[in-house]
Amino acid sequence: MNERRLNGAVVPWCLVLLIVLLASPGVALAKSKLTFAFSEKSPPYSFSLDARAVGLFPDLVQLAFSFIPDYTTENAVMPWSRAQFNVRLGLSDGFLTYPSKARQGYAIFSESPLFTQDFGYLVYSADNPNLGVIESATSFADLSSLTVIVEKGSKWEEDNIPDFLETVSGRDVNTMMHLLMLREAGDFFVQPAEDARFIAQKLGYSEKLKVRKVDFVPNSLIPFHIGVSRELPSAETVINKVEAIMRDPEFQSQLDLLLESYR
């Protein structure tokens, strides 16, 4: 006979087996695992090392979920376009990124940012003869006699660095650092402190690197939020738990220490 009585009702064996499986600890555990997708070529924020996702963003996500015992996380590293595609389709559960309107269409984001990228830094060399000008400037106008190094094709720099400044263009951030430190082709560039320190260390310029926080760079703050795919049934629950730990003083303390280690 392929039936069994359950609370007085006759239930087919296949349905009994399904109920048992769904209630088993192994199935419950599987539901609590979240896969986060990261870019493989965005150091120091995320990059691939021995096929593992490493960098600030994986560290941030790991820290956040260490305060949320209901979930475990694993990382997947891939081209950034594929990472977004996977979250959109639900092949990956989440990511850490700027919550653009397009991304909000397929992911639910935390209200509070986990990290804010700050472009409000001047990056320059300790050997620069115009050191005093750079370190006393309170506006871009004070730097008008100097040359700024920019990244070729950067729309953000086109929009936010005044065109009255003389510029020298580099094809990427590595080239910009060489132009600054080795060729002395320009006096400074504008970049987040994390990026500048990572690149200077990689290229051997750490001893000469100077980084100064200023308040006159417009649109300098870019927030990065945890986002979870709308394909995940528990997406809102996950985001609510993320929001809750954001208010935890111990989490904020550890978050500050982690961010400082990259700056």
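Two strands count as paired here if DSSP finds at least two bridges between them, and I begin with that because the sheet I want to show you rests on it. Please keep in mind throughout that this is a predicted model.

With that in place, strand β11, residues 121–125, pairs with β15 in the antiparallel sense, over five bridges, and within that pairing S125 stands opposite L209 of β15. The sheet as a whole is an open one of three strands, in the order β14-β11-β15, with antiparallel pairing. β14, residues 189–190, and β15, residues 209–213, stand at the edges, where each has a single partner strand, so one side of each is left without a neighbour in the sheet.

Two helices belong to this part of the picture. Helix α8, residues 173–181, packs on the sheet and touches β11, β14 and β15, its direction making about 50° with that of β11. Helix α9, for its part, lies across β11 and β15 and runs at about 180° to β15.

The largest pocket has a volume of about 760 Å³, and of the 32 residues that line it, the closest to its centre are S42, Y45, Q117, F119 and D195. Which helix gives the most to that lining? It is α9, with four residues, while β3, β4, β8, α7, α8 and β16 are among the elements that each supply at least two.

D195 itself lies in α9, which spans residues 193–203. Is D195 buried or exposed? Its relative accessible area is 13%, and since buried means under 20%, D195 is buried.

F57 is, together with L60, F65 and I226, one of the residues with the most contacts inside the largest nonpolar core, which has 32 residues. The elements giving two or more residues to this core are β3, α3, β16, α10 and α11, and the largest share, seven residues, comes from α3. Apart from this core lies another, of 18 residues, with Y124, F140, L146 and L165 among them.

Definitions and conventions. Residues numbered from 1 in each chain as written. Predicted model: local features only at pLDDT ≥ 70, side-chain atom pairs only at ≥ 80, totals over all residues. Heavy atoms only, no water. Core = buried A, V, L, I, M, F, W, Y, C linked by side-chain atoms within 4.5 Å. Buried < 20%, exposed > 50% of the residue type's maximum accessible area, 1.4 Å probe, protein only. Contact = heavy atoms within 4.5 Å. Axes fitted to C-alpha atoms, helices over the stretch in contact; angles between N-to-C directions. 1 Å grid on protein atoms, 1.4 Å probe; cavity = no way out; pocket = protein on both sides within 12 Å on 5 of 7 lines; lining within 4 Å. Points joined across faces, edges and corners; volume = space filled by probe spheres on them.
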